Amino acid sequence: MTITEVPHQAAPDTPVSVPPAAVSGVPGFVSGAPEFVSETDNRNPIKPRRDRLMTLLSVAAATGGPLIGAIGFVMSYSTLAKKALGWGFSPDLAPWFPVGVDASIIVFLALDLYLIRKDTPWPLLRVAAHAMTFATIWFNASSQGRIGADPVRAASHGVMPLLFVIGVEAARKLFIKKTQLEAGTATDRIPLHRWILSPLGTPRIYRRMRLYGITSYPEMTRRERDLKGYEQWLMRQHGGSLDQATDDERLPMTMAPYGFTVAEALALPERQEREAQERAEEAGRRRLEAKTRQEQAQARAEADRLKAEGMLEAVRAQVEAETGQARAHARAQVTAAERAAEREEAALETALLAEARAREAAAEREAAQQREAAAAADVRAAALEQQAADKRREAAEADRIAAAEAQAVQTRTIAEARKAAAEANRRAVETEQAAAETRCATAEANRKQAEEEHLLEAALADTARAKQAAAEAEERAAEARLAAAETERRAVETEDAARLTPRERAVRRVARMALAAGLIPIALSEHEVQRELSRLISIADVQSACDVSSTDTASRYRTEAAALIARGYHVQQ
């Protein structure tokens with residue numbers, strides 16, 4: 001008899017689970033015993049063919065069951081409808097009373113079969129259907145008077161519903177069996193003859209089958225035979241006594257009450273050792289992963305430190321570049337101002353020369369005009385003398401008048417010339433006055449421009465100094481941020497090494513914020529530290545730094561941070 005033989009299930013549709021392979025060193029056959037082949041091994045695993053008799057029986061059941069039910073319901077309907085009139089039902093409602101009673105039986109039984117098909121049985125439906133069936137039988141039996149007066153007559157009226165329920169129960173049993181076979185959960189029953197022939201050992205077999213899901217009775221008997229054969233072989237190996245056998249060799253007898261086969265029990269130590277080795281390998285793998293994560297965290301911290309140093313160098317380079325740019329801009333503005341002053345001075349000199357030349361040209365024009373006026377006067381005087389001479393020749397008596405007229409004309413001409421000279425002098429004075437006013441306006445404009453250039457130079461110098469101060473402040477702020485980042489990194493490393501909880505980390509972060517904000521806890525009580533910390537760090541700052549939304553939680557963090565600082569907490573620089 002082989003230990004690792006694969007049994008066939010009692011039901012041909014039930015899938016067979018293959019047991020583990022035999023352990024090395026375990027005999028494949030029991031010495032001296034011929035190989036036993038169960039008659040169930042020759043069973044065809046497919047469904048048996050229905051012969052002609054089975055077909056006739058199926059047809060008879062399929063047609064006879066509904067026929068019996070229909071006859072029972074018709075008889076019950078007629079009887080209960082008449083009985084309902086006697087019970088006080090109206091003629092309109094009396095015919096519906098038997099319909100409701102009989103229909104409830106069909107509905108409850110149909111729902112019970114449907115839920116069994118869906119693998120969700122509800123026993124209450126079956127109980128309700130049987131209760132309604134019992135009520136129907138009672139109503140029909142009592143419809144002819146007292147049941148004890150004529151039992152045969154009462155039974156004739158109540159037997160038909162009972163027969164219908166019996167047929168439905170037979171169909172239900174077949175339906176449940178078919179569903180279990182399809183789902184692979186059908187369980188064989190232990191034959192009655194075994195209960196009679198082995199009343200003490202059969203309950204033990206029944207218990208194992210139910211507790212450990214052994215659905216095949218032939219499988220269970222095969223296990224019992226394998227266990228008995230192994231026990232006999234082990235006794236022969238140790239001189240007829242199992243006391244000398246090792247614990248591993250006695251494992252099949254020890255584990256049999258728990259549903260283990262001989263092969264499974266013998267393979268148990270090897271499987272457990274393999275699982276223990278796998279657990280050890282898994283623990284080693286987890287340790288390596290933890291070490292790798294720690295190394296990665298250290299690498300990330302080093303990368304963050306290098307990034308911070310790079311950012312500081314970048315800020316320094318930026319500040320130096322901005323400072324150099326500001327200095328170059330200031331030098332360019334100074335050079336531009338000097339060139340503008342030179343151009344203004346040259347323009348002023350050019351304006352003065354132009355003004356002098358203009359005055360000289362005006363004087364020359366005035367002199368030329370005076371000379372022209374004198375020449376014109378001479379011409380007119382000569383013409384008048386000629387006219388006077390002519391007139392003197394024409395008439396002697398007109399000499400006196402002509403002489404007087406010539407004298408008068410000469411006097412008027414001289415007056416006109418004097419008047420023209422005075423007018424020219426007046427225009428020269430006006431021109432000189434206008435030139436003086438122009439020179440005063442130009443000088444005032446030059447003064448204002450010089451003042452504006454001076455103010456511009458002062459503003460540029462202030463801007464350059466402000467930019468330089470801002471660059472220095474930015475450099476100091478960058479250095480402060482770098483120092484804060486380095487301090488925060490060292491604090492996080494210390495907290496990681498101490499394995500602090502998230503709440504303790506948050507409290508220490510608030511404490512570091514207070515110390516960085518200028519809190520000096522020397523010679524201060526806890527209450528004073530709390531008050532100073534509340535002044536420096538707001539609830540909103542704590543919520544933002546610790547990523548919490550509750551103001552109450554942030555307030556508790558701040559209170560605990562004050563207590564921590566009062567106890568001497570400080571950050572190593």
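A residue counts as exposed when its relative accessible area is over 50%. Keep that cut-off in mind as we walk through this structure, which is a predicted model.

Let's start with Trp-96, which sits in helix α2, the stretch covering residues 96–117. Its relative accessibility is 60%, so Trp-96 counts as exposed.

Next, hop over to helix α1, residues 52–86, where you'll find Met-75. With 36% relative accessibility, Met-75 falls into the partly exposed class. Now look for Asn-140: it is 65 residues away from Met-75 along the chain, yet the C-alpha atoms of the two are 8.9 Å apart.

Lys-173 belongs to helix α4, which runs over residues 151–183. Its relative accessible area is 57%, so Lys-173 is exposed too.

Now for the inside. The largest nonpolar core has 19 residues, and the ones touching the most other members are Leu-533, Val-542, Cys-546, Tyr-557 and Ile-565. Four helices each give this core at least two residues: α12 (502–516), α13 (526–536), α14 (539–546) and α15 (551–566). Which helix supplies the largest share of this core? That would be α15, with 6 residues.

Key:
Residues are numbered from 1 along each chain as its sequence is written. This is a predicted model: local features need pLDDT of at least 70, side-chain atom pairs count only at pLDDT 80 or more; totals for chains, interfaces and linings use all residues. Side-chain values use heavy atoms; hydrogens and water are left out. Buried means under 20% relative accessible area, exposed over 50%, partly exposed in between (1.4 Å probe, protein chains only). A nonpolar core is a set of buried Ala, Val, Leu, Ile, Met, Phe, Trp, Tyr and Cys residues joined through side-chain atoms within 4.5 Å.
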